[in-house]
Amino acid sequence: MIWPALAVTSAVVVAAVPWGLPGETTFILPFMTLLLVFLFSVRPAQRIPVWLVFLAGLATDILTAGPLGYWALLYTLSHSMGGLVFRKMPSGSLAGLWVAYVVTAGAVASIGWGVASLYYLRIIDWWPIALGLLCSAALCPFAAWLMRRSLIIGRYYELAARS
């Protein structure tokens, strides 16, 4: 559980740093954390506990000065939906994982847009959320490949240590 916790915590901190990015890009870094939450929720060997996902969301809310509970809700939804969607896929292929992420992140982004619109009592601009979704979806295959590779290397070292 240390590796998933460290990775998600690092992503939360990176998302909270004021990088001086344009206003339209405000959702890109939190969606990268959402991608990690999803990837760690679908892999049984590296499954992240839901309480840690919720705390990561609260930390993102606090550190980015957003509405308290917004990212906690979205990350928890991603964690829950990720496990459900991935189990329904026919195989554990990289393409299947990518499709599962796009479906999950699309649903979570839609819910996030609706919640934000209710919070601000007006229909907010959907473009920044869509940009965050698109960027994280583009990086999903690469991040999944890296995680799969690290898992294979970790198993190799584990087996080598046993013998």
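Predicted model: local features only at pLDDT ≥ 70, side-chain atom pairs only at ≥ 80, totals over all residues.
Residues are numbered from 1 along each chain as its sequence is written. Local features need pLDDT of at least 70, side-chain atom pairs count only at pLDDT 80 or more, and totals for chains, interfaces and linings use all residues, while side-chain values use heavy atoms, with hydrogens and water left out.

**Exercise 1.** Describe how helix 1 and helix 2 pack.

Solution. Two packed helices are described by the angle between their axes and the distance between the axes. Next, list the contacts (heavy atoms within 4.5 Å): residues of helix 1 including Trp3, Pro4 and Ala7 meet residues of helix 2, among them Leu29, Pro30 and Phe40.

**Exercise 2.** Is Ile129 buried or exposed, and which residues is Ile129 in contact with beyond its neighbours within four places in sequence?

Solution. Ile129 is located in helix 6 (residues 127–162). Its relative accessibility is 5%, so Ile129 counts as buried (under 20% relative accessible area, 1.4 Å probe, protein chains only). Leaving aside neighbours within four places, Ile129 touches Phe27, Phe31, Tyr70, Ala109, Gly112, Trp113 and Ile124. For Gly112, 17 residues away along the chain, the C-alpha separation from Ile129 is 8.2 Å.

**Exercise 3.** Classify Val50 by its relative accessibility.

Solution. Val50 belongs to helix 3 (residues 50–63). Because its relative accessibility is 40%, Val50 counts as partly exposed (between the buried limit of 20% and the exposed limit of 50%).

Key
Helix = DSSP H or I, 4+ residues; strand = E, 2+ residues; numbered from the N terminus. Axes fitted to C-alpha atoms, helices over the stretch in contact; angles between N-to-C directions.
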